[in-house]
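Work through the exercises below with the sequence and model at hand. Try each task before reading its solution.

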Amino acid sequence: MKMMKKFFTILTVAATLFSCGEKDWDVDDDYFTNPEHFPYGNNTLVCQNIISIKNLKEKYADVISSSKAEEITEDIQLRGIITGNDIESNLSNQVSLQDETGGIMLSIQETGLCTYLPVGEEILVNLKGLYIGGYGKMPQIGSPYNNSIGRMSKLLWREHFRILFAADTSKVKAKIVNSASELSEADLGTLVTLKNVSFKDADGRAVFAPTDSYENRYLNEQEYSSNYVVRTSGLYAKFAKEVMPQSKVDLTAVFTRFNNTWQLLIRQYSDVKILNENSSTK
Amino acid sequence: MRKKILILSAALFTNQLLKAQETDTLNPFGGADGAVRLDESSFTFSESQLGEDDSDSRQSTVLSSSSNVFSSNAGMKFSPSNYRYRALDNKYNEVYINGILMNDAERGYFRFSQIGGLNNITRNSDDALPFESNGFCSPGLAGSVNYDIRPSKIAQGHKISASLANRTYTGRLMYTYGSGIGKNGWSFAGNLTCRYASTEGFKNVEGAFYNSISYYIGAEKILNSSNTVSVCTFGNPTMRGSRGASTDEAYFLAGSNNYNPYLGYFMGEVRNSRVVKDYAPTTIVTWETTPDENTKISTSAFIVLSKYSNTKLSYNNSTNPAPDYYSKLPSGFFNAYNRDDSGHRTEADLQNWNTAYDYWTSSVNNRYINFDALYYSNLSANLSGADAFYYMPEIHTDRITGGVSTNVKHSLGINSAINYGFSLSRNKIKHYQTMYDLLGAENFHNVNSFALGDYPSYAIQVQYDYRYPNEEVKEGDVFGFDYNIFSDILSGWAVYTLDQGAVHYYATARASYTDMFREGKMQNGFDPNNSYGHSRKAYFGDGGGKIGATVNLGKGHALDLGTGYEWKTPTANSAFLSPEVNNNFVTGLKCENIFSGQLSYAYSGSKVNANLTGYYAKIGNNSKWTCFYDDNSHSFSYVSMTGIEKEYFGAELGIRVKVLSNLELLALGTISDAKYVSDCNAIYMMSNSATYSSDVVASKGMREDGTPLSIASLGISYNVKGWFIELTGNCYDRIYLSFSPLARYKNSVTNRELIDPAGEFHAPDQARGEGGFMLDGSIGKNIRLKKGSLYVGLLAANILNNTNICTGGYEQNRTDRSYNETSNTTSDKAYVFSRNPKKYYAWGVNGMLNLVYKF
């Protein structure tokens, strides 16, 4: 029994000394506010030679309007806020970037852009070596594709941007639009909110995109002629199978074009803000 | 006594057995089978290879035999290659403790990590090869073993050992005590083992930490001359990091076949994304009685409460964060395998290849999981109220098993004996997933994100549990799936032996009844009426038998012939179509039918012992269940394969030559085949649609994977002046990798290029791993002290540091071509999945230094 006592003593001591647990992986709150620790992009870029989006678009106006692409050889950079991404996959392989002067699309061959380009994040884009062009006359940054502009590889992109400030959604303000006349080419690539509009085909059953193709939906309001479409990807958009509301809505979207069609790209289902559930437009 | 002598002489290899018993106590490296097998350090050596993961594919067979030179050495010597006896699934290898079958009721096999660290307790074993009579079972197709862990069987005295290693753990402390049988009839025994490795420690598994305590406590009382009762309890609480397989490209870029893609960096510190927690406390009460001199009855009752969980990294509305994910590798941008694929060999593709190459090789941070990035993304998701992009679920498998088992050994006179027994066990296996770590995110909901997009957010189909729609998931909460499997098993067996002249006959029989059902704990939106609550019950009856004879031809020569046929109940883990979703059983589920036979020649002389064995087995109606992410469908795919037919055949040779009294040579070799001889049926369900599809898998010609089918080995052992030296060279070859069913679906549109104009389907060749040569050695010395003895030993495996030996792996379940529904065409992907299987490689040079003090 003496032996047993000895054994149990050793057992108890050893079990006490030996703690069996994994490290606690708590987040240090300050860690991610330090720009040196931003874990995406190229942290060696510095803010210099900033060009405004408006000036950039003007500089390459011919390339954009002819839907071609041209390499940017000058050492110039954009500084702007992300206003739209693929959070619900309707914008796919692209994000919209906006500064005080306008907006532009960044076309990147990658899914899950929303994981590191959240709305409200401020970034720097080193344009030298990237291409600018028009996709159906829509200004965008990317790589050449079939004599026009297409997506740049995620590897190239990774070298050409730097996160300046983590996302702050208060920096994102959509332009309030009460009638179509308030929209112009200068608003392309920016976030807009169309006030008090309604969907033409909304019958309580129709969804945004019933098939796996892209679907264009029109607005009832006369000032938005058939040149204005709400465009949804049936294959990718997470809200594609949601029923379109019959009531009036405030519609927030990224304003783009494909040649002579003005396209409104809803970023996420919550961009459709129902004004009055009971008021049917039909 | 006379009976014992007769049995021993009738059994083939008396000589060896006695020698083994002698050398066990005298010479831990003496070279006799039993000695090497039972030696402290040898056992430790392979311990880390055994069953650490909750899947049978990476577990070596633990098999031994006192009667066969090949079988007694193969399991231990070949464990660095993850050798499985005859390439059979581990469910055919039965493990008993105190006469109770401990193989898992759901998957059919025993996980050796449950007794990890208890080497000194499991030394007293009774082994049975597939065609050997024994006292505890009708042996399994890949053999059976019974560990007798009662305290009276534990060596008397104290034993303390300390070890340093660069294996799965870097340090180990072990203390064992056995009281022996006291005057009052009591015996006690105990064991405590601690094993440890840090994340950064120097070892052969990159970043895999290891924290484990093993304990054993036993008490036994001799009540009177014919009755003893014992209680034993043991367990092995372990927490450790895992290692993942990767592609040759990733290993090349990382500059090491030791690269572990499960690792990452978080705020500058190494973090393993796969944390395993494992604890299976077991208690066994055994009563042994001898009602008369010819009968011994042993009855045990047991309970096992096992908890096993494994974390992993998952993603939602984002891309796979695995660092070796194909789209992050250079060959994800440029098709390096097909010169004609001009679409993926442009200037820009080549430039991307180079950029990816530079990225991967420029910094260690770039080839591991970037936890900082995952946290950053999740923190930004919090701002918009979105669900976590990345999270770590913990997959749990908890088992509660209890039962009783009785074994009877009955002598029918001097020439014959009958052993028989029966057992009953009840099993409840809980499968569920909890949120282990939200990685900084604040929001997550219990919805099926794969189904969103195909269904609106308000549809029932997107709900994992419709009873609580859109339920918020916090850390520790159950989500995704939650179900129990129940199974009752009643079984009986008998072994009859008869000795007539020079012939030892034996016949074995077994039969069992099994029932099983599922209990869903969530009402899955895909099948709301058939997911919550009990499924119907499935019943199976099986049985079979073996007969055989051993003929002593005199002068040490003997022949052994055996054959058997049996039906075996499918394991519960292959019985359900999509157990994570609903209650559906696999249709057409049948008992396996197994024919096996073996012819063996043995020679046992004073200097030479040799065995040559030829065997054949055919398994029909085999079934298999698997689950993987199918990128063609952007969803998980649950696949049941049924109607599998496999053949196993081969030859095994073992020769041991005593060149000098202190010098021995041991040669071992096997050449075998283990292959699917038919195509099989597949039924699969996608996690984004819940519809079942069927197909035919072109499995004919596929081989069993993860074990070498050809092995040659030569060893030499020498002892002089108390020193024991051993050196063994092993050659491994013909190692196959687990084949992908998806790449072999005969009717899949993405595989239609594999059909020739005559309509013949040409299945891609099964991926293989490289074999190679491995040199292992050991040196040790026993030192007698004034009080007790000290053993010092060094073991070194893979001394030549051959890190190019593949020990298994799997083909990626992805196809090389993508399908465009609109144009009904297929096209090459840039990344050629069929040329990039995931592989495991053998550890480089690794060793263990042991100090053992006995007093």
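**Exercise 1.** Find the residue with a positive phi in the hairpin of strand 7 and strand 8 of chain A.

*Solution.* Two residues lie between these strands, and Asn146(A) has a positive phi near 50°. Strands here are DSSP runs of E with at least two residues, numbered from the N terminus. The model is predicted, with local features needing pLDDT of at least 70 and side-chain atom pairs counting only at pLDDT 80 or more, while totals for chains, interfaces and linings use all residues. Residues are numbered from 1 along each chain as its sequence is written, and chains are lettered from A and ligands numbered from 1 in the order in which they are written.

**Exercise 2.** Determine which strands pair with strand 7 of chain A, and in which sense.

*Solution.* Step 1: pairing requires at least two bridges found by DSSP between two strands. Step 2: strand 8 (residues 148-150) of chain A runs antiparallel to strand 7 and is joined to it by three bridges; Tyr145(A) faces Ser148(A) there. Step 3: strand 6 (residues 131-135) of chain A is also antiparallel to strand 7, over five bridges, with Tyr135(A) opposite Met138(A). Step 4: strand 4 (residues 102-109) of chain A pairs with strand 7 in the parallel sense over two bridges, and Leu106(A) stands opposite Ile141(A).

**Exercise 3.** State how many residues of strand 7 of chain A are buried.

*Solution.* Count a residue as buried if 20 or more other C-beta atoms, placed from the backbone, lie within 10 Å of its own. In strand 7 (residues 138-145), six of the eight residues are buried.

Key:
Buried ≥ 20, exposed ≤ 12 C-beta atoms within 10 Å, placed from the backbone. Helix = DSSP H or I, 4+ residues; strand = E, 2+ residues; numbered from the N terminus.
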